[in-house]
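Dear colleague,

I am handing over the structure we spoke about, and below it you will find my notes on what was found in it. Please read them with the coordinates open beside you.

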Amino acid sequence: MTFVALTPKPLVVLQGVAKSYNGTAALSPLTLHIRDGERVALLGPSGSGKTTLLNLIGGVIKPDQGAVTLDGIDVASLHPGRELAGLVGVMHQQLDLVPHLSVMHNIMAGRLGYWSLWRSLVSLVAPQEKPMVQDALLRVGIPDKLYERTSHLSGGEQQRVALARLLAQGSRVVLADEPVASLDPARAEDLMQLLTRIVSESNKTLIASIHTTHLARAYFTRAIGLRQGKVQFDLPVVKLSDNILNGLYNLSEGPAKAKA
Amino acid sequence: MASITSAKAQPKPRHSFFQGRGFLTLILVVAVLWSLASVNWVEDVVHPGGWSAIGQLVKAALTPELSASFLRLGVESAWQTVAYAVAGMCLALAIGFPLGVLASGALARSRGARWASAGGFRFTLGFLRSIHELVWAWLFVVALGLSPMAAVLALGIPYGGILGRIYADILNDVPEQPLRALRSSGASEWKVLLFGRLPMAMPDMLSYSFYRFECALRSAAIMGFVGVGGLGLQIQLSLGDLRYEEVWTLLYFLIAIITLVDGWSAWVRRSMTR
C-alpha cells in the first residue's frame, strides 16, 4: 500500500467495470488506472468496446457493475452540469457545432454548464467571459474568426472551433471517439498535432480511440488494445510492435494465430 | 450503367392499342369534350346581363377611382387593415411562441413529461386553430360589438394556434447532433433551447411568420366584411353601390401592402443569412 501512495493519484479509475447490451458483453470486467497528463490511445477493431469505454468514462452510460471514478469521485454521483463538465469533456466533430451561430457563441456554449440560465440568456446579446473565448480561439490558431458565422468556415476551421469550445469548457479529461476518422491524412496529422499540443500545454488527460496506428505511436504516451471487450495489451507506445498490432486486428479468432 | 444496358437489352412488351395509355387518353378526352358540350354556355354559366357586368369590372380595373378624397379614404382604411394585422400578429406571436416551445416538448426532461407536454399543448393549439378567424370574428362582434378589439382577437387566436403548431414542428426537426454536444458540455434543456434549437430553427420560424403576416393582412381585409372597418368594409360599401372603380382602387391598395410585406420579408431573410 505504501507503494501506491507514492505514485501520483490516478485521475481516471475504472474498477471492475462491465457493460453489456441485450445480453452481449460489450466490455468484460475491466480495471484501469489513468494518471493525470497521460495521453491514451484506444486501439482495436470495430466493435471491440472502444466507444463503450469512452461513453462510460464520460458518464454518458452507466456500467452494469463496477464503478468509474474521476479524481476520486464516482461519475454516477456527479451533477451532469458544472461538476461533470469540469472534469470530462468530449471532443466533437464539426457537425456538432450550431452552424447558424457566430464562432464566439459556439465557443461560449462550452461555458453553459457553469452559467446560470439567466447568464446564458444575457450572453446571447451581451457576450460573457469574452477574453476567455478570444484566448481559446487564439490557441487553436484562428483568432480573427471570432464574429464569423460558423457555417461560413471551412471544415478544418470548424474542427478548430470545436476544439476551442472544449478549451472553454476547461475539463481535465478530454475524450475523443475517432477524432480524425473523417479527415484526409494531412488534415488528420494537423488536427492530432493541435490536439496534443493543446492537451499537453494545459496538462489535460487525453483518451482517444484511433484507427491509425502510426498516429497512436506519434502522438500518444500509452496504448490500450481492446478486442471483444477485453484488454489485450496496455503498454507505453514505445513498446508497440507490429507483431502485437497484427494480433489485435487479425480477423481470425485469437491473437495466437497472428502471422507476423 | 449495368442497369441501363440490361433494360435496353430486354424486349419491350407489346400491348394492343386498347390496353395502352393512348386508349385511356382518348376516353378521357372524349369524356371531357362531351361534358363541355352539355353545358349551356349562354344561360347557365353567366346569368343574363352578367357579360355586361364583367365588361364593367374589367373597364373599372383599368380606370380606378383616383380622386384625392377617395385616395385618402383608401390610405386610411389600408392603414386600419395593416394595424389590425400587426396587432393580431403580435397577439398570435405571444400565444404561438410559448405554446409552440411547450408543444415541441423540448423543455421536458423525461420521456413521459415530453409526451404529456407535447400532447397537452398540441391539443390546445389544435383547438385554437380549428375555428376559422371569420367565425371567431362573428363571435367577438357578438360579445364585444364592432370594436377593433374584436378584429384583433379574432385574428390573433387562430393564428396563434397555427404559428404554435408550426413552431413546434420546426423546433422538433432541428438536427440532433449539435444538441447532444451541448448537453454533453453540461447545458440544461433550457440552455440547449437558447443556444441550439432556437438559433437553428430561427430562419424557418421567421420565414413562416412572415408568410403568416401576409395571410393576416388578407384576413384583416376580409374582417371588414363583418363590419369592423378597414379595406374590407370599404370594398363592401363600394360593391353595394356598384362603384367598381372604387373597389379596384381598394384592391390595388391591398396588393400594394402584400407586395411591400413580401419585399420586407425577403430583405430580412437575406440579412439573416449574411
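**Helix packing in chain B**

H5(B) and H12(B) are oblique to each other, since the axes of helix H5 (residues 68-104) and helix H12 (residues 244-273) of chain B cross at roughly 45 degrees and come within 10 Å. Please keep in mind throughout that this is a predicted model. The crossing in which H5(B) passes H12(B) is right-handed. On the H5(B) side the residues that meet the partner helix are B:Phe70, B:Gly74, B:Ala78 and B:Val82, and on the H12(B) side they are B:Glu246, B:Thr249, B:Leu250, B:Phe253 and B:Ile257. Divided by class, the residues of this contact are 6 nonpolar, 2 polar and 1 charged.

A second pair in chain B consists of helix H8 (residues 148-172) and helix H10 (residues 189-223), which pack at an angle of about 155 degrees with their axes 10 Å apart. Because angles over 145 degrees count as roughly antiparallel, H8(B) is roughly antiparallel to H10(B). The crossing of H8(B) and H10(B) is right-handed. The residues that make the contact include B:Ala151, B:Leu155, B:Tyr159, B:Ile162 and B:Ile166 of H8(B), and B:Arg197, B:Asp204, B:Met205, B:Tyr208 and B:Arg212 of H10(B). By class, the contact of H8(B) with H10(B) has 16 nonpolar, 2 polar and 3 charged residues.

**Where the two chains meet**

In the contact between the chains, 17 residues of chain B touch 24 residues of chain A. On the chain B side, the elements that give two or more residues are H9 and H10 of chain B, and H10(B) gives the most, with 8 residues. That side of chain B has, by class, 10 nonpolar, 6 polar and 1 charged residues.

Helix H9 (residues 176-184) of chain B deserves a look of its own. Its residues B:Pro178, B:Leu179, B:Ala181, B:Leu182 and B:Ser184 are buried, and the buried residues of H9(B) pack against strand E6 (88-91) of chain A together with H10 of chain B. After H9(B) comes B:Gly186, whose phi is positive, near 95 degrees.

**Strands of chain A**

Turning to other strand pairs in chain A, strand E1 (residues 10-21) and strand E2 (residues 24-35) pair in the antiparallel sense over 8 bridges, and A:Val13 has A:His33 in E2(A) as its bridge partner. These two strands form a hairpin with 2 residues between them, and A:Asn22 in the turn has a positive phi of about 50 degrees. E1(A) is also joined by 5 bridges to strand E4 (residues 65-70) of chain A, the two running antiparallel, and A:Ala18 stands opposite A:Gln65 in E4(A).

- A:Glu129 has a phi near 50 degrees, a positive value in a residue other than glycine. A:Glu129 is found in the loop between helix H5 (117-125) and helix H6 (130-139) of chain A, and it counts as partly exposed because it has 18 C-beta neighbours inside 10 Å.
- A:Glu178 is not a glycine either, yet has a positive phi of about 45 degrees. The place of A:Glu178 is in the loop between strand E7 (173-177) and helix H8 (185-201) of chain A, and with 16 C-beta neighbours inside 10 Å it counts as partly exposed.

With best regards

Conventions
Residues are numbered from 1 along each chain as its sequence is written. Chains are lettered from A and ligands numbered from 1 in the order in which they are written. This is a predicted model: local features need pLDDT of at least 70, side-chain atom pairs count only at pLDDT 80 or more; totals for chains, interfaces and linings use all residues. Axes are lines fitted to C-alpha atoms, for helices over the stretch in contact, and angles run from 0 to 180 degrees between N-to-C directions. Helices (H or I, at least four residues) and strands (E, at least two) are DSSP runs, numbered from the N terminus. Angles under 35 degrees count as roughly parallel, over 145 as roughly antiparallel, 65 to 115 as roughly perpendicular and the rest as oblique. A crossing is left-handed if the near helix is turned anticlockwise from the far one by less than a right angle, and right-handed if clockwise. Two residues are in contact if their C-beta atoms, placed from the backbone, lie within 7 Å. Ala, Val, Leu, Ile, Met, Phe, Trp, Tyr, Cys and Pro count as nonpolar, Asp, Glu, Lys and Arg as charged, and the others, Gly among them, as polar. Two strands pair if DSSP finds at least two bridges between them. A residue is buried if 20 or more other C-beta atoms lie within 10 Å of its own, exposed if 12 or fewer, and partly exposed in between; C-beta atoms are placed from the backbone.
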